[in-house]
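Let's take a walk through this protein together, starting with the overall picture and then stopping at a few spots along the way. Have the model open as you read.

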Amino acid sequence: MAKLILSLDGMVLREYPLSKERTTIGRKPHNDIAIDNLAVSGEHAMIMTILNDSFLEDVGSTNGTLVNGQPVKKHFLQNNDVIELGKYKLKYMAEGAPQAASPDFEKTMVLRAPSAQASGGAPVATPAAARDATASQPVAKNFGDTVVNPEMMQSQSPGTLRDAAREATAQGKAANAEAAATSSGSVPKAGHK
């Protein structure tokens, strides 16, 4: 179980285990960690603990909350983080925190997909080709970064659906870039010289 160690001017005052899901910090006596000092707000901050993770949130304090010398509103606490409330410090100690990860831990394997040309698929559309193709195609529906053109997607085999989706996305990005260029004033507007 994680704990907070309260100190003032380098002198340890008390330890608080984070045994509850929500631990409140403030000047008022109803707080789980009550710090009787005018620099600390009545309800200053709270710590939310879920399993082995703890999150600090400043709940609208007057003087703010610092973690490791940096002002924060919300912060994911890590072992040895120092929370500063006025002149008081709370050191976060996670029980059983890993000291150093083993060399094999969290390695990412990079997989390279074969190019469409090498696998015998359709060539990948370039942005210029996509822009030229958009002029002759019906209007597509745009969902964020993905553009769906119903006519393009009909009667496609599963292998070519992926290529069609990639081409549609490239066309949508090209159309978005063209629309942005038009709205930024790079294209002359009617009535202006």
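This is a predicted model: local features need pLDDT of at least 70, side-chain atom pairs count only at pLDDT 80 or more; totals for chains, interfaces and linings use all residues.

## A guided walk

Residues are numbered from 1 along each chain as its sequence is written, and side-chain values use heavy atoms, with hydrogens and water left out.

Now the overall inventory. The protein comes to three helices and 13 strands; helices (H or I, at least four residues) and strands (E, at least two) are DSSP runs, numbered from the N terminus. Of its 193 residues, 26% count as buried. Here buried means under 20% relative accessible area, exposed means over 50%, and partly exposed is in between, with a 1.4 Å probe and protein chains only. The protein exposes about 13500 Å², and carbon and sulfur atoms supply 55% of that; the areas come from the Shrake-Rupley method with a 1.4 Å probe, and for residues only the protein chains shown count as cover.

Back to E3. Four of the five residues of this strand (residues 22-26) are buried, so E3 is largely enclosed by the rest of the structure. Strand E5 (residues 45-50) runs antiparallel to E3, and four bridges join them. With strand E4 (residues 33-34), E3 pairs in the parallel sense over two bridges, and there Ile25 has Ile33 as its bridge partner. Two strands pair, by the way, if DSSP finds at least two bridges between them.

Next, look for an open sheet of six strands, in the order E2-E1-E11-E10-E7-E8, with antiparallel pairing. At its edges are strand E2 (11-17) and strand E8 (70-72), each pairing on one side only. On average, neighbouring strands of this sheet are turned by 30° against each other, direction ignored; the axes are lines fitted to C-alpha atoms, for helices over the stretch in contact, and angles run from 0 to 180 degrees between N-to-C directions. Within the sheet, strand E7 (residues 65-67) and strand E10 (residues 82-85) pair in the antiparallel sense over two bridges, and Leu66 stands opposite Glu84 in E10.

Strand E1 (residues 3-8) holds Ser7, which counts as buried at 16% relative accessibility. Leaving aside neighbours within four places in sequence, Ser7 is in contact with Val12, Leu13, Lys87, Tyr88 and Lys89, where contact means heavy atoms within 4.5 Å.

What about the largest nonpolar core? A nonpolar core is a set of buried Ala, Val, Leu, Ile, Met, Phe, Trp, Tyr and Cys residues joined through side-chain atoms within 4.5 Å. The largest one has 20 residues, and Leu4, Ile35, Ile47, Leu56 and Ile83 touch the most other members. E1, E5, E10 and strand E11 (88-93) each supply at least two residues of this core, and the largest share, three residues, comes from E11. Not counting residues up to four places away in sequence, Leu56 touches a list that includes Ala45, Met46, Val67, His75 and Ile83.

How many aromatic pairs does a search of the whole structure find? It finds one. The ring centres of Phe55 and Phe76 are 5.3 Å apart and the planes are at 50°, so the pair is tilted. Rings of Phe, Tyr and Trp (its six-membered ring) pair if their centres lie within 6.5 Å; planes under 30 degrees apart count as stacked, over 60 as edge-to-face and the rest as tilted. Phe55 lies in strand E6 (residues 53-58) and Phe76 in strand E9 (residues 74-76), so the pair ties together parts that are 21 residues apart in sequence. Phe55 is partly exposed at 33% relative accessible area, and Phe76 is partly exposed at 36%.

Finally, a few loops. Most residues other than glycine have a negative phi. Asn68, in the loop between E7 and E8, has a positive phi of about 55° although it is not a glycine. Asn80, in the loop between E9 and E10, has a positive phi of about 75°. Asn37 sits in the loop between E4 and E5 and, leaving aside neighbours within four places in sequence, is in contact with Arg27 and Tyr88.
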